[in-house]
Amino acid sequence: MERLRSIDEFGSLQSRLKAARDPKTRTIVIPAGTCGQASGANDLIRVTKRELLERGLTDEVHLRITGCHGFCEAEPSVLVEPRGTFYPKVDVNKMIRIVCAVAEDTVHEDLLFVDRATGKPIEKQGDIPFFKGQTRTLLARNERIDPIRIFNYIENDGYSALVKALTSGDPMSVVAEVKGSGLRGRGGAGFPTGLKWELLARQRSANGKHLVCNADEGDPGAYMDRSILEGNPHSIIEGMLVGGYATGANEGVVYVRAEYPLAIKHLRIALRQCHDLGILGEDILGTGFSFDIKLVRGAGAFVCGEETALIRSIEGRMGEPRQRPPFPVEKGIDGHPTIINNVETWANVPVIMTGGAREFAKVGTNGNTGTKIFSLVGKIKNTGLVEVPMGITIDKIVNDIGGGPSGKSHVKAVQTGGPSGGCIPAERFDLPIDYDSLTEAGSIMGSGGMIVMDEATCMVDVAKYFMNFLEDESCGKCFTCRKGIQRMHEILEDISQGKGTTEQLDLLEELATVVKDTTMCGLGQTASNPVLSTLQYFRDEYVQHLAEKRCPAGVCKELITYCINENCTGCTLCSKTCPEGAISGSKKERHVIDTVRCSRCGACITVCKFDGIEVA
Amino acid sequence: MITLTVNGLEVAMEEGTTVLEAARFLGFPIPTLCHMDGLSPYGACRLCVVEIGEGPKAKLVSSCTYPVQEGQKVRTASSRVVRARKIILELLLASCPQSKVIQDLASAHDVRQQRFRQEHEDCILCGLCVRMCEQQMMAKAIGFRGRGKTRSIGTPFDIKSEECRLCGGCIYVCPACQLRCTYTEPDKAICGGCANLSPPCVEKEPFDDMMCYMTPCVACEIEKH
């Protein structure tokens, strides 16, 4: 790879790459992010390579290995360009048939995605309801780009935003562009990015300024940052380069959690390629602008996603938040001005620069512009990453894109924003998803986790789960956060075991409010949200646990009993499975559960084929 | 100078002073536990919370770490503050009821009940000992480790620290563990100072350079017996 010495050289490289590309070439696209690989994408890649070589198709049919496309439910999936054919849940044998079909430019109808509503197969990816409802600005780029090939990125208008910024000659105009787009921080708090940049640009610092990409994504059930890091690492590098030029910073740090090995690998490759090509380092593209990015791996503390804790972690100290002010933009890494933006925020910067602020602001609502990626998980048919314009209703995401509940029971609530967020009940699904509405409803946008819950989810149990998570993940500095969460967990444990009292419920509410009020950092201030929001919307369930000693969802073990109903055929499977030996009965006769010995593990329900076991 | 109002009284403070200093300058009492003159503010116990700002933007901040800002409006005893303080003291009493310091604070703030499950912990992780060791004794023998519910204070790898001069400063400042962290129960000791039981003033040369805070002094006690 030869170093590019000027913007003209970059321009000619880009046009050469674009000219060499034939959009009509048939390409098999296999998403192989961590999720894809886990479900078998590596085997598909191996088989496809072998088939293409054996059949001598390497010139006609191309293979592109990309990051995650977002439709987890259908993994491992295959996309065929330029037709746009989508094959879900492909295995090795299906893959061989798909390669043959692509070679002949035909489609295997029986392998296509089948629409649940009509029962008819859908060929094109864009027609599938899951994709149809989305506005895929960032995720669509994951489909087009092989993350370990920088030329592939450049060919798809990559680094054009950087060139546009560098040729503008005026850093403040770049800041104004980002400000004009109305982009707000995608990490959760929603601070206007342009304003943040402006504050940094105004700072005078003899020792340099820093930019940080916060890739310490730790919310349970959230993985949109990982998919961008794995699928399109160059977009983050480009965003940071633009940010560096705009704010006068010349050092960047990507703080990525060590649990994302593939993301780290792809980032390392991308950084090396940028260095080799002269896009990163000293005198970028001969313009005199210098910017370098280093990679720091987080050691696994959830609290290090909080910006001041993250800075301390980068400095090599214990990840512990500190008092703001002074804000990082005044005193950040080693005391130098620093700004921290989330992965998705940085990935949006090239989109704004190439498309223009006005174009960006057209998507979404006033004050909440652009798209946001949510990871839709839980009791829903189509789990996966969905990218939607801001301001869309929860109902649209859950019922249209998500396809409704996965089981028979109704969706009861969605939990947004991870452990810092809250639960929004089904009655409020007409709520538009934007920073302000969600905060008003007692939850937060957060980084974009969205967990769907149905009637088999106990809200006390949900609150207990998050308290258990935070009990370990609070840094422990603030007494009220450390001890307050432990005490909330203790009370919730009592309630779920049927030992709770009404006084305890009041105490729980009082304590939750005080924890929210008196802690220092974002983690503590939002730690009570799971408790407060479930209390606000599902107080009935708490009261049922207390007064009737009953768990309506059938989750809290101490409050439920298992019994066998008339559906039982006497197959004896359950009695053989029961680890406690609590089920008795002779063959072909209805069995009985000894409720004293029963440990309510649920093993019998899992094995019973006749719906013969009831939980009450 | 920065002008702010504390409970309606205007006061001008030097830049860089904290809200706690401003309030104390005016004579408003704010209870503290993890704060000590001569040690850097830490903000762990949250007892010193005050309310700043107005309307929906009003929030509670720890006054020991929050810097004074121009036009700031501080309330040191609003109902929100008082309620928070009471719950914090209740939590403290629930964890560490044997501490005289905590008992006195609870009594002074009219905390008459303790509704949580009673525990008997030796440490509230206020960090006074860690800061004392680092900032006044220049030793850095002890520090925090772990996070969340497993956070604790100790020496690296739980072995007696080479840095520890057995000065006893950590014991002197501790609001919770005065009772247990003496030589009487060496196996439960934090810093290892008392565990060693070798009289510090005799062992270390020259003794004149050292400050000894150990009360009762290990060496003197041993000599007595």
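Helices are DSSP runs of H or I with at least four residues, strands are runs of E with at least two, and both are numbered from the N terminus. The model is a predicted one, in which local features need pLDDT of at least 70 and side-chain atom pairs count only at pLDDT 80 or more, while totals for chains, interfaces and linings use all residues. Residues are numbered from 1 along each chain as its sequence is written, and chains are lettered from A and ligands numbered from 1 in the order in which they are written.

The buried residues of α24(A), which spans residues 539-548, are A:Glu541, A:Tyr542, A:His545 and A:Leu546. Seen down the helix axis, these fall within an arc of 135°, so they line one face of α24(A); the arc is that of the directions from the helix axis to the C-beta atoms. The buried residues pack against α19 (459-473), α20 (479-496), α21 (502-518) and α23 (529-537) of chain A, where a contact is a pair of residues with C-beta atoms, placed from the backbone, within 7 Å. Just after the helix, A:Lys549 takes a positive phi of about 50°.

Chain A meets chain B through 28 residues of its own and 27 residues of chain B. On the chain A side, α19, α20 and α21 are the elements that give two or more residues, and α20(A) gives the most, with eight. This side divides into eleven nonpolar, seven polar and ten charged residues; Ala, Val, Leu, Ile, Met, Phe, Trp, Tyr, Cys and Pro count as nonpolar, Asp, Glu, Lys and Arg as charged, and the others, Gly among them, as polar.

Turning to chain B, eight helices and seven strands are found. Of its 225 residues, 41% are buried.

Elsewhere in chain A, the axes of α11 (residues 224-231) and α13 (residues 261-277) come within 8 Å and cross at roughly 35°; axes are lines fitted to C-alpha atoms, for helices over the stretch in contact, and angles run from 0 to 180 degrees between N-to-C directions. Here A:Arg226, A:Leu229 and A:Glu230 of α11(A) meet A:Leu262, A:Ala263, A:His266 and A:Leu267 of α13(A).

How values were computed
Contact = placed C-beta atoms within 7 Å. Buried ≥ 20, exposed ≤ 12 C-beta atoms within 10 Å, placed from the backbone.
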